[in-house]
Amino acid sequence: MGSIFPNDVLYEFVTLFVVLDPIASLPVFVAVTAGLTRRQSLLVAFYALGVSFLVLLFFILAGQHLLGALKIPMASFQLAGSLVLLLFGLKMVLGKVTKEAAEVAAGASLLERAIYPLAVPCVAGAGAMLTVVLLTDNKIRSITEQVTTTGILVLCLTILFVLFALSAAIFRLLGRPGIEIVSRVFGLILASIAVNSLVIAIKMSFGLPTG
């Protein structure tokens, strides 16, 4: 895993930031906070990112132990995660994610709006779960390195919160059509990443070289 995820702070930051996919999350955030006040919208952002952090922290602390206890090989976990990421990417390309977000019940609480589909699977999706497990691999990462990776995750989520807070301005700048185009392009990129990860997982399963 070391060759795939080198122990480099900048590399880890870029990897985590890309996999958290802030641009694709913006239209979902705007959809689930439609009709809310600014304060309520910021609370939804805070709840969503808080839930995302707890989910990803669980995988940092217990992901490998859980897989080991269930005797699930890392390749199988990567295969399953890639399939979920592929399905989510395809839904983004088809515009179904924002439609699901827009269908949130008017009486839904702020926490309910924050959890699905914003926190999971939009921010803390299968790709993010898989990435944090690989970046904090107990076999090759020290405790200090794992704490550093967790700090980088917090930084990425903080930047995400700032982008959510500026979503109205970003939306005015790009407009809904612009956001939809960007979202679908990022969905295609996510689907491509998922397919690549899927191929690597299949090769790992059969002991083939992944290079």
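Two housekeeping points. The model is predicted, so local features need pLDDT of at least 70, side-chain atom pairs count only at pLDDT 80 or more, and totals for chains, interfaces and linings use all residues. Numbering runs from 1 along each chain as its sequence is written, and side-chain values use heavy atoms, with hydrogens and water left out.

Start with the core. The largest nonpolar core has 45 residues. By nonpolar core I mean a set of buried Ala, Val, Leu, Ile, Met, Phe, Trp, Tyr and Cys residues joined through side-chain atoms within 4.5 Å. Buried is under 20% relative accessible area, exposed is over 50%, and partly exposed is in between, with a 1.4 Å probe and protein chains only. Leu16, Leu20, Leu56, Leu118 and Phe164 have the most contacts inside this core. Helices H1, H2, H3, H4, H6, H7, H8 and H9 each supply at least two of its residues. Helices here are DSSP runs of H or I, at least four residues, numbered from the N terminus. H3 gives the largest share, eight residues.

So, on to H3. Which helix does H3 cross at roughly 160 degrees? That is H8: the axes of H3, residues 38-69, and H8, residues 143-165, come within 10 Å. Axes are lines fitted to C-alpha atoms, for helices over the stretch in contact, and angles run from 0 to 180 degrees between N-to-C directions. The pair is therefore roughly antiparallel, the label for angles over 145 degrees. Residues in contact, meaning heavy atoms within 4.5 Å, include Leu42, Phe46, Leu49, Phe53 and Leu56 on H3 and Thr150, Leu153, Leu157 and Phe161 on H8. By class, this contact has 15 nonpolar residues, two polar and one charged. Nonpolar covers Ala, Val, Leu, Ile, Met, Phe, Trp, Tyr, Cys and Pro; charged covers Asp, Glu, Lys and Arg; the others, Gly among them, are polar.

Stay with Leu56. Beyond its neighbours within four places in sequence, Leu56 contacts Leu20, Ala124, Ala128, Met129, Val132 and Leu153. Ser52 also lies in H3. Is Ser52 buried or exposed? Ser52 is buried, at 0% relative accessible area. Setting aside residues up to four places away in sequence, Ser52 touches Ala119, Val123 and Ala124.

Next, H7, residues 126-135. Ten of its ten residues are buried. Among them are Gly127, Met129, Thr131 and Leu135. The buried residues of H7 pack against H1, H3, H4, H6, H8 and H9.

Ala24, Ser25, Val28, Phe29 and Val32 of H2 meet Arg113, Pro117, Leu118, Cys122 and Val123 of H6.

Pro117 brings me to backbone geometry. Most residues other than glycine have a negative phi, and most peptide bonds are trans. The peptide bond from Tyr116 to Pro117 is cis, with omega near 0 degrees. Pro117 sits in H6, residues 110-123. Then there is Lys71, not a glycine, with a positive phi of about 55 degrees. Where is Lys71 placed? In the loop between H3 and H4. Lys71 is exposed, with a relative accessible area of 73%.

Definitions and conventions: Parallel < 35°, antiparallel > 145°, perpendicular 65-115°, else oblique.
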